[in-house]
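Please look over the sequence and the 3D view before reading on.

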Amino acid sequence: MTACCRDKYYTVFDLDHGGFDHLRQERERLYGTPESHFKRHSPSPCEYHDPQRGCILNSHKSPVCLAFLCRRGIDRLRTRFDIYFYDYLGIHYALEWILTGVFSDKDYLALKTSIIEATAKITAA
Ligand code: SF4
């Protein structure tokens with residue numbers, strides 16, 4: 001059994017910032033603390049990884065987790081849906097900047113538009 005998540009990425013990459021603290025508090029309020037999900041023989045060190053379902057977080061993921069898409073996923077966006085705007089690090093930083101309040105309104109609108117257009121392409125396919 002394998003898992004994409006080879007680390008507790010949210011603990012490695014989350015920033016020491018109030019926005020991240022607030023996100024973590026809401027995540028734990030909705031889904032419980034990481035410790036409350038500990039499994040002895042999980043294929044992933046992340047407590048939020050369920051061996052049967054993958055990540056149990058349907059919302060409130062850290063930017064590093066929310067942004068991640070594997071190479072096969074990115075290739076699929078390109079070849080099947082003609083979507084080229086997605087770039088893992090770009091999305092990761094954009095989410096961080098939104099959370100820390102330094103993303104400009106102009107860039108936010110551009111990102112939002114790209115996501116809406118990409119979603120429409122996938123939905124229409
Ligand atoms: S929170 Fe979810 S996506 Fe992030 S490392 Fe854990 S299992 Fe993976």
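What pLDDT does the protein chain average, and what share of the residues score at least 70? This is a predicted model, and its protein chain averages a pLDDT of 92, with 98% of the residues at 70 or above. The chain holds six helices and two strands.

**Confidence by element**
- Helix H2, residues 18-31, has the highest mean pLDDT among the elements, at 97.
- Helix H1, residues 9-13, has the lowest mean pLDDT among them, at 87.

**Overall build**
- Read from the N terminus, the order of the elements is α-α-β-β-α-α-α-α.
- Along the principal axes, the C-alpha atoms fill a box of roughly 40 × 35 × 20 Å.
- The protein chain has 125 residues, and 9% of them count as buried.
- Among contacts with a separation of 6 or more, 68% join residues 24 or more positions apart.

**Two domains**
- Domain 1 covers residues 1-56 and domain 2 covers residues 69-125.
- The centres of the two domains, taken over C-alpha atoms, are 23 Å apart.
- Six residues from domain 1 and five residues from domain 2 take part in the contact between them.
- On the side of domain 1 that touches domain 2, four residues are nonpolar, two are polar and none is charged.

**Helix H2**
- H2 has 14 residues and spans 20 Å from its first C-alpha to its last, close to the 20 Å expected at 1.5 Å a residue.
- The number of buried residues in H2 is zero, so this helix lies largely in the open.
- Gly-32 follows H2 and has a positive phi, near 95°.

**Around the ligand**
- Which residues surround the ligand?
- Four cysteines are part of the shell: Cys-5, Cys-46, Cys-55 and Cys-65.
- Tyr-9, Tyr-10 and Tyr-48 also surround the ligand, along with Leu-57 and His-49.
- Lys-8 and Lys-61 complete the list.
- By class, the shell divides into eight nonpolar residues, one polar residue and two charged residues.

Methods:
Residues numbered from 1 in each chain as written. Predicted model: local features only at pLDDT ≥ 70, side-chain atom pairs only at ≥ 80, totals over all residues. Near = placed C-beta within 6 Å. Nonpolar A, V, L, I, M, F, W, Y, C, P; charged D, E, K, R; others polar. Domains from an automatic or database assignment. Contact = placed C-beta atoms within 7 Å. Helix = DSSP H or I, 4+ residues; strand = E, 2+ residues; numbered from the N terminus. Buried ≥ 20, exposed ≤ 12 C-beta atoms within 10 Å, placed from the backbone. pLDDT = per-residue confidence, 0-100. Expected span 1.5 Å × (residues − 1).
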